[in-house]
Amino acid sequence: MVNDTAEVVVVGAGIVGAAIAYELAKRGHDVLIVEKGTLGGAVSGASLACISTHMMDLDELPLLRWSCEAWKRLHDEFGGFEYHACGQLRFVLRDDDIDVARRWVDAERGVGLAPELLDPTQVREVEPLLEGPVVGASWSTADAVVNPFLAVRMFLKAARSQGARVRAHCPVEALVESDGAIRGVRTTDREVVAARQVVLAAGPWTARLAATVDLALPIKPRKAQCLATVRMPPSIRRVVGACESGGGVEAGYTQIQQAHNGQILFNTVLAGGQSDDGAQDNVSQVDEPFVRDSVATLLMLFPQLLDVALLRSWVRFEAVTPDDRFLIGSGGPDGLWIAAGDCGTGFVRAPAIARCVADMLTDETPIFDTSIYAPGRFDGSKAAWA
Ligand SMILES: Cc1cc2nc3c(=O)[nH]c(=O)nc-3n(C[C@H](O)[C@H](O)[C@H](O)COP(=O)(O)OP(=O)(O)OC[C@H]3O[C@@H](n4cnc5c(N)ncnc54)[C@H](O)[C@@H]3O)c2cc1C
């Protein structure tokens, strides 16, 4: 029995699903977004939400750049999500790694971006409390941060204003398919929502839903952890990250920033790693070594924060793919679209992903080269997770 109908059902109200719902509703589509939990309550709400092009995938720079500009336009148009263009420093701890930073700066300047390489004196001019033993830093002035919960709400509010409907606490159990075409979704309450188009933006749960129509997607969960201090007077002005290979830990990354409410948010994470399938279903605690590394890195860089008290920690599970890129595009039965596989940097990309999905769904040529995101790009490749 059909309980509801929509032209397009978007599964998942994280930042990606919310942005897609808005983009489609704006183009006049009848959109229903269904979320199994609270709106933005999975990875998106746990994000540090840095909006950046710096030290990312060079092949993705056109999309990243467009997306950063889109965030600025959204701030100008809607506001209300604490968009703050604070810029980002990527610190370097070893002389050898200055060349790594220089290569990134040169490559990005070559395509018209404007990062700079700073010496230690200049670093302290940009971030006065950064007194740790850095030998330099790259500096990307255009980068920004947003409040992740408010950003999800901004998109959903904008989508609703264009006629989209939003249902929270409504888990989808399976996709409904017949004759090679998608027909809608079935919820765990056995309700069927009929739809000719379904967009899966369900983060690390996407592969499980795709499997209900025998579509295998190479997405695995990865544990992401974060720490927050009590509120502090303004202390850290920028997003402070580690330069590739020059982080607090070998081949890892660090991200430190002060939120609008005064809390210092920070983490230091080893690159790579995956969790077992199903890990994303459970609430888990941060790991002790993670806390030790993160606190050590924070205090190494900002010794004046020695007495600051930690308030809370959290864990969420990002969705990773074999080549660290999103899956964006059609897959499986006609009318099924995939927008998942954030690999830990999905916040910045969300407006551009929404644009790509809306272009594809409406038979328009996407403004970016989407072939690098094709969901079927690993088909037949035994080395997908090598
Ligand atoms: C600590 C941390 C720091 C980060 N920092 C940054 C950063 O600085 N910059 C950046 O760009 N990115 C960052 N990220 C990554 C970024 O937050 C994610 O890439 C992004 O939020 C992913 O959004 P999403 O919508 O794909 O996934 P999610 O937010 O996980 O949304 C998917 C939604 O689908 C819902 N869902 C799942 N299954 C179902 C179902 N069966 N039925 C209905 N709904 C379902 C889920 O409940 C969830 O709400 C960070 C992440 C973390 C954890």
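Reply: In this predicted model, a search of the whole structure finds zero disulfides. A disulfide is a covalent bond between the sulfur atoms of two cysteines. The criterion applied here is a pair of cysteine sulfur atoms within 2.5 Å.

Two cysteines illustrate the result. For cysteine 226, the closest cysteine sulfur belongs to cysteine 50 and lies 13 Å away, so the separation is too far for a bond. Cysteine 226 has a relative accessibility of 3% and therefore counts as buried. For cysteine 343, the closest cysteine sulfur is that of cysteine 356, at 15 Å, which is again too far for a bond. Cysteine 343 is buried as well, its relative accessible area being 9%.

Helix α2 (residues 61-77) packs against helix α8 (residues 346-361) at an angle of about 95°, and their axes are 8 Å apart. The two helices are therefore roughly perpendicular. Among the contacting residues are Cys68, Trp66 and Trp71 of α2, together with Phe347, Arg355 and Cys356 of α8. By class, this contact comprises 13 nonpolar, one polar and two charged residues.

Cysteine 170 is situated in a loop, between β9 (165-167) and β10 (172-178). With a relative accessible area of 8%, cysteine 170 is buried. Leaving aside residues up to four places away in sequence, cysteine 170 touches Val34, Glu35, Lys36 and Thr187. The C-alpha atom of cysteine 170 is 7.6 Å from that of threonine 188, a residue 18 positions away along the chain.

Methods
Residues are numbered from 1 along each chain as its sequence is written. This is a predicted model: local features need pLDDT of at least 70, side-chain atom pairs count only at pLDDT 80 or more; totals for chains, interfaces and linings use all residues. Side-chain values use heavy atoms; hydrogens and water are left out. Helices (H or I, at least four residues) and strands (E, at least two) are DSSP runs, numbered from the N terminus. Buried means under 20% relative accessible area, exposed over 50%, partly exposed in between (1.4 Å probe, protein chains only). Contact means heavy atoms within 4.5 Å. Axes are lines fitted to C-alpha atoms, for helices over the stretch in contact, and angles run from 0 to 180 degrees between N-to-C directions. Angles under 35 degrees count as roughly parallel, over 145 as roughly antiparallel, 65 to 115 as roughly perpendicular and the rest as oblique. Ala, Val, Leu, Ile, Met, Phe, Trp, Tyr, Cys and Pro count as nonpolar, Asp, Glu, Lys and Arg as charged, and the others, Gly among them, as polar.
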